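Work through the exercises below with the sequence and the model open. Try each task before you read its solution.

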Amino acid sequence: MSKKHLFTRRIGAIILSAAVMLSVLCGGMTTANAEEAKPSVPKIKVVTDGGNGTSLEKADGYVPAKITISDSDGYELSDKVNFKVRGNTTALSWVKKKAYTFKFEKKKDVLGMGKGKKWALIANTFDPTLLRSYIAFNTAQELEIPFTSNQKYAEVWVDETYVGCYILYEPTQAGKDRVDIDIDGNDGKKDFLIEYELSREEEDVTYFKADGLRFISSEPEEPTEEQLSYITSTMTDIFKTMKNGTQEEIAQKVDLSSFVKFYLLNEYIKTFDFSMSSVFFYYKDGILYAGPPWDYDLSAGNSNSGLSDRCTRAADPTGVYANSNIYRYLYNKDWFKTLVRDEYEKHYTYFKNIHADGGLMDTLLNDYGDLFNRNYTDAGWNVSKWWINISKKPLPTYQENFDYLKDWYSQRSSWFETYFKPFSREYKIGDANGDGKVDINDVTLIQKYLAMLDVKVDDYFIYRANVTHDDLTVVDATEIQRFLSHFPNRYGIDNSAVATLPH
């Protein structure tokens, strides 16, 4: 089978499958029906006992309140909660649009997102597009990063004051429907959840260092000395292996799949906080996992490029950025980069679709554009006003900020293709089985393939096996045999070449 016929058959099958799926999903759908298919936007109304919810500060802590959550699909939940301002930068006194946490007395399933006592309402105050966090979590879900929070856009009222567009999240904490770890097992030392924290100091927070890196013990939140010693020694041992061990040795202590996916997410969107805080890792059943993701309003070019080197690198749509915190031990290992490239290839179409015309960004704007508009008109948040020194100064209009974000993702995508070279492999001509050497096993594999026996080959087999650069035939096997017998080689067998699959 020739390369042309092989890839024509593959591409044809993909196109046919896509056409069938599109027909099933969209067949007969009118424009009116498409408009009706827009997702429901929940309404969340909070009434505090003191009636001063809009003037709350983080220092006030929890206050009693009643919450009502409903949507146009008929869902409604009404219950008592404790309600408070959450966050760090967004909790500063001069920031008017606050983020909030509300907590039920007992676990509640909110809008089908799973059961939990605590829930987070993220304001996206410093993201004028209101899209960055949503896209980040959508990408994390695409990558299937374990315990990635569900999310829903919502309209929020506090004490009858409309405060605009928020995203409802499950906060990062231990729980069956959250980060499913057993912090109480083995005297609370079995599993744990930690957060990388470069320098911030807060009261009632337990910090520790391992190999010079500083962390918060998130779960258990108030560890005993024995528990903290256990966490510290466990992390120190893992870091020693990550620095000096082989891939196989590291894989015995670290879940490489989650580390690869978490790196891909954070490298692609270049969140400013990745080198500072809000970066979580959890230890479960003797293995360290990366994630779950959190806090992405300062991602995708939304940092002040002139403020510092860190801001400049985060704002730039080119270059490596996610090489800090624990990833300092992994990012420069060739095998790790290969794993990231392979994962990127699996989701290549998704990443290209983020910024494509009619893609994810355009779809979100179509679905939630009215909600975004009300955030600025009805709630009164000025699209170009709310920013801090580390964030990019917003452009005058929503559309300009949207276009900037779309262009940033387009440039990031172009750099990713140049850096990771997806669907491209260096190989040895004649190394049919891809084991790095040309020997009689390659001849046997080609013969079995041509005889239509049940053999396993990958997408690059044809390139490696087809030494004559024509249709793959027994001549290719013969020429490899001649090479192994030290006959003159006129096909470059055992030389390096590069193959790139169509994508």
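**Exercise 1: pairing in the sheet**

In β3, Ile 67 has Asp 79 as its bridge partner. This is a predicted model: local features need pLDDT of at least 70, side-chain atom pairs count only at pLDDT 80 or more, and totals for chains, interfaces and linings use all residues. Residues are numbered from 1 along each chain as its sequence is written, and side-chain values use heavy atoms, with hydrogens and water left out.

Task: find how many bridges join β2 to strand β3, and in which sense they run.

Solution. Strands (E, at least two residues) are DSSP runs, numbered from the N terminus. Two strands pair if DSSP finds at least two bridges between them. Strand β3 covers residues 76-86. Eight bridges join β2 to β3, and the two run antiparallel.

**Exercise 2: Thr 101**

Task: is Thr 101 buried or exposed, and what does its side chain make a polar contact with?

Solution. Locate Thr 101 in strand β4 (residues 99-109). Buried means under 20% relative accessible area, exposed over 50%, partly exposed in between (1.4 Å probe, protein chains only). Thr 101 counts as buried because its relative accessibility is 3%. Its side chain makes a polar contact with the side chain of Arg 86 (2.9 Å). A polar contact is a pair of N or O atoms within 3.5 Å; within protein, one must be able to donate a hydrogen and the other to accept it, and residues adjacent in sequence count only if both atoms are side-chain atoms.

Methods:
Helix = DSSP H or I, 4+ residues; strand = E, 2+ residues; numbered from the N terminus.
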